Number of protein chains: 2
Amino acid sequence: MAINSLMEDFSSLDTSSLVDKVEAKLVQLLKDQKLNVGDSIPKELELAERLGVSRTVIREALLRLRVMGLIESKKKKGAVITSPDIFGIISKSVNPHILDQATLKEMFELRLILEIGMADFIFQRITPADIRELKKIVSKEPDATQDYLFNIEHEIAFHGKLYEITGNETLKKFQRMLLPVFDYVHHSGLLKKQVSIKRYVSHKGLVDIIENGSPEIFRNAMRNHLENHFSRLFE
Amino acid sequence: MAINSLMEDFSSLDTSSLVDKVEAKLVQLLKDQKLNVGDSIPKELELAERLGVSRTVIREALLRLRVMGLIESKKKKGAVITSPDIFGIISKSVNPHILDQATLKEMFELRLILEIGMADFIFQRITPADIRELKKIVSKEPDATQDYLFNIEHEIAFHGKLYEITGNETLKKFQRMLLPVFDYVHHSGLLKKQVSIKRYVSHKGLVDIIENGSPEIFRNAMRNHLENHFSRLFE
DNA sequence: GTTATGCATTATGTATGACTTAATAAAAAT
DNA sequence: ATTTTTATTAAGTCATACATAATGCATAAC
């Protein structure tokens, strides 16, 4: 029993640093005081005084918030609250060369999941202008013999447009984050070799379905279109 | 011509702070030198000396890397490279109270996309043990009249298990990040009121399909299962 | 010989004060 | 009234000192 309570004391040992605490306090300040985007928070010195720590600590804590995209600090004006662009922030820190291989492979999979799952949003929000643009992109589709880079570019243009059609900016940013990863994984030795470059449902086929089909049909078509990628994962 | 070169000067105007530059240099160091996870980078003072800036600047730059999850600094041992847990990092900064409404709604949509899109991975990687567990969860399914919190808990248990089955840890972390957002959006006035709580394909129905059906069938069933959410977005 | 214990060392963490720079506001000049 | 100058303010940068905690080594204990 005595040991038990001792253990509890151990587990509840506060291992967090001063900066950690200040950071938590500041985040809570943002939450509690219902501060809106654009509002400015107290000056470094004032915070330092109020929390009874040095300006150094305050600066580090504020810096963390800044890296997380919660605030933006301007000279003279102090720090103002910003609407955090999460994926903008992290896409900066998503570096295929640094991420471990397991994570990279999982992000590769994530793309496949997204493109199959987003069918309903495409059908719900597509406009005639979108369809025209898709057709324009498809009309420029290079045949397999053409320059590799040109193929990549076309891939990105087509699939990127699909993301755009969903009208979901967060999703689009997510894709932008995934792009370099996908390319990296595709060419690294991380996956099995591409067995056959059979051509499944083409981009043109997908556009036809978008125009005349349904989300259900589109999902299966997209799944088929991505078969080359899936087979490298599953077989 | 003069104007042109002037413009170039403008565009290339270096607006970045000292810390920005040091940060970039450090990231490049990680990339170039092919440093592996676990390797340690030079000490603060050494970096300060080599780059000709104060330790303060170095510390700020290192702090950024730390917030991004690229390094971890230990006393005495200096900073060591870590495998960044991206979603772990951002889920810390995903705070429904701080994110703007548009982003929140988009993240709500993101969940729907994921759960429909992940069918293939479920079917590919599911084990008999998984099916048993799913059935166990379903057997405890509360009827609609029961305690609200209990329902939520059940929802999370079931859908969380599905994510787990995909074997994609990154996806799972992503879900954990989305969870509070989803709950928040569900109850805020952000979406249209839930028109009818018709019951579509049930959890039990989904399990049956997982056992005897195919990814194609599952996708449509899941789409139907989520109809209540979709209708709040689309109608 | 192996295991504790204590001590010195080292690198990050925190504190303080001074100075630089840039943005804003106030004052002065036109 | 508008522009220019000046002063002020708060963040950015620097230097230094000390605190704290982890590591390794030396010594002591068994």
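## Surface near DNA strand D

Four elements each supply at least two residues of the surface near DNA strand D: helix 4 and strand 2 of chain A, and helix 2 (18–32) and helix 4 (55–67) of chain B. Helices (H or I, at least four residues) and strands (E, at least two) are DSSP runs, numbered from the N terminus. The model is predicted, so local features need pLDDT of at least 70 and side-chain atom pairs count only at pLDDT 80 or more, while totals for chains, interfaces and linings use all residues. Residues are numbered from 1 along each chain as its sequence is written, chains are lettered from A and ligands numbered from 1 in the order in which they are written, and side-chain values use heavy atoms, with hydrogens and water left out.

DNA strand D is surrounded by 20 residues, and the closest are A:Arg55, A:Lys76, B:Leu18, B:Val19 and B:Val57; a residue is near a strand if one of its heavy atoms lies within 4 Å of it. Of the atoms of DNA strand D that come within 4 Å of the protein, 70% belong to sugar and phosphate. The residues of this surface divide into 11 charged, 5 polar and 4 nonpolar (Ala, Val, Leu, Ile, Met, Phe, Trp, Tyr, Cys and Pro count as nonpolar, Asp, Glu, Lys and Arg as charged, and the others, Gly among them, as polar).

A:Arg55 places a polar side-chain atom 2.9 Å from a base nitrogen of DNA strand D.

Chain A has an open sheet of 3 strands in the order 1-3-2, with antiparallel pairing; two strands pair if DSSP finds at least two bridges between them. Strand 1 (40–41) and strand 2 (71–74) are the edge strands, each pairing on one side only. Strand 1 pairs with strand 3 (residues 78–81) in the antiparallel sense over 2 bridges, and A:Ala79 in strand 3 is the bridge partner of A:Ile41.

Helix 4 (residues 55–67) of chain A packs on this sheet and touches strand 1 and strand 2 (contact means heavy atoms within 4.5 Å). The direction of helix 4 makes about 120° with that of strand 2; axes are lines fitted to C-alpha atoms, for helices over the stretch in contact, and angles run from 0 to 180 degrees between N-to-C directions.

## B:Arg223

B:Arg223 lies in helix 12 (residues 215–225) of chain B. B:Arg223 counts as buried because its relative accessibility is 12% (buried is under 20% relative accessible area, exposed over 50%, partly exposed in between, with a 1.4 Å probe and protein chains only).

Leaving aside neighbours within four places in sequence, B:Arg223 is in contact with A:Asp120, A:Arg219, B:Ile116 and B:Phe230. The side chains of B:Arg223 and B:Glu227 are joined by a polar contact of 2.7 Å (a pair of N or O atoms within 3.5 Å; within protein, one must be able to donate a hydrogen and the other to accept it, and residues adjacent in sequence count only if both atoms are side-chain atoms).
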